[in-house]
Amino acid sequence: MYTLADNETNKARHKQVIVNGEGSDLSKKEVLQGRAKRKTITQSMMLKLIDLAKENETPELQKAFWNTYHCQQKIITADGRLYGKYCKNRFCTLCCSIRKAEIINRYYPIIKQWEDPHFVTITIKAVKEDKLKSRIDGLLRGFKKINAKHRKRHQRGTGAKLVGVKSLECNFNPKKKTYNPHLHIITANKEMAEVIVSDWLMLCTSKFALRQGQDIQRVCDVEKSLIEIIKYGSKIFTEPDLKKRAKETTTAQIYINALNTILVTMKGKRIFDRFGFNAPKETECKNTSAKLLSSFNEWKFNAKTNDWENIETGEFLSGYNLPTSLQALLEHNINIDLK
């Protein structure tokens, strides 16, 4: 049952609480249910990652995973707004969703003005786990070199600088047990896209990159393309056989060892970045000032019901019902063997 947070019969009148920021809008049921879904997925993954961090004796990772597990665990609602603490970790689906919205709001107006934006993918040959770090470093170093070359030519008046946004991502192939780091890029026009791919192939040579592994497509929907490159840095759900897309394809898996490898390797790396233009200034600073509430509701996430439950009445906030397919995946298809 969906219950909006401002139910007058459920307000705590004899307590006070301090919240920060402007909070999130509570008016849309589907938004709340999407948040509950992301919270459910995140908690399931974090418990597996925590066990893995214990096994690998990495206390720093354990702490980070626990912080994400508790992200938005307890929330406060008042006057149609939702307040809670965010972990801000890049592997948290809740925080990534917020980050995605912020990036879209910031960069969409600029990219929309570009004359002929193109979507580019540059990649490097897949490797085993022991070579992943060096490949990712080489990928980032190579693009930086290409961008610097054209920036210098522009400064000398002998060419155009490259303009665009990029994101780092890495896929895992469970059949071959290999990793494929790559960059997704949106450039201002087709010429820039072709230059990037040409320079990339020349820099890498056929030993590390092949033409068929690179891709250039015209952007027909700016917002959709921007969303495509704003990802978590890894594919959370992976088909066991990447070549099969038909109905008989086995249910998707979450390869937790591989995900952990990608997260550890990408630590400290900038996932999303711009190049060739200045980042737009935010029109106004976010309101981070503290606010004292004396009339509010308290909720705690219940992993058994996959929803936030009112501490006093037991009512549910979003009314989210976990689909049986997703429940089966989270309970039985988190693979801890492949790496």
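View 1. Of the contacts in the chain with a separation of 6 or more, 75% join residues 24 or more positions apart, a contact being heavy atoms within 4.5 Å. This is a predicted model, in which local features need pLDDT of at least 70 and side-chain atom pairs count only at pLDDT 80 or more, while totals for chains, interfaces and linings use all residues. Residues are numbered from 1 along each chain as its sequence is written, and side-chain values use heavy atoms, with hydrogens and water left out. The chain has eight helices and 14 strands; these are DSSP runs numbered from the N terminus (helices H or I, at least four residues; strands E, at least two). Buried residues make up 46% of the 339 residues, where buried means under 20% relative accessible area, exposed over 50% and partly exposed in between (1.4 Å probe, protein chains only).

**View 2. Two nonpolar cores.** A nonpolar core here is a set of buried Ala, Val, Leu, Ile, Met, Phe, Trp, Tyr and Cys residues joined through side-chain atoms within 4.5 Å. The largest one has 45 residues, and I122, V165, I186 and L226 have the most contacts inside it. Helix 5 (residues 190-208) gives this core its largest share, six residues. Look next at L226: not counting residues up to four places away in sequence, L226 touches I103, I104, Y107, Y108, I111, V165 and I186. Apart from this core lies another, of 31 residues, among them L32, I256, F301 and I334.

**View 3. The E60 to K267 salt bridge.** Seven salt bridges are found in the structure, each a side-chain nitrogen of Lys or Arg within 4 Å of a carboxyl oxygen of Asp or Glu. In this one, the side chains of E60 and K267 meet at 2.6 Å, N to O. E60 belongs to helix 2 (residues 59-69) and K267 to the loop between helix 7 (256-266) and strand 10 (272-275), so the pair ties together parts that are 207 residues apart in sequence. Both E60 and K267 are exposed.

View 4. The side chains of D116 and R218 form a salt bridge at 3.0 Å, N to O. D116 sits in the loop between helix 3 (93-111) and strand 5 (118-123), and R218 in strand 8 (residues 215-218), 102 residues apart. R218 is exposed, at 59% relative accessibility. K149 and D199 form another salt bridge, with their closest N and O atoms 2.9 Å apart. This pair links helix 4 (residues 132-156), which holds K149, to helix 5, which holds D199, 50 residues apart. K149 is partly exposed at 32% relative accessibility, whereas D199 is buried at 11%. K133, D137 and K269 are linked in a network of salt bridges.

**View 5. Helix 1 crossing helix 3.** The axes of helix 1 (residues 29-55) and helix 3 come within 8 Å and cross at roughly 135°. That makes the two helices oblique. Where they meet, R35, R38, K39 and T42 of helix 1 touch T93, L94 and S97 of helix 3.

**View 6. N260 and its neighbours.** N260 lies in helix 7 and is buried, at 8% relative accessibility. Leaving aside neighbours within four places in sequence, N260 is in contact with L49, L52, N56, L61 and F65.

Note on methods: Axes are lines fitted to C-alpha atoms, for helices over the stretch in contact, and angles run from 0 to 180 degrees between N-to-C directions. Angles under 35 degrees count as roughly parallel, over 145 as roughly antiparallel, 65 to 115 as roughly perpendicular and the rest as oblique.
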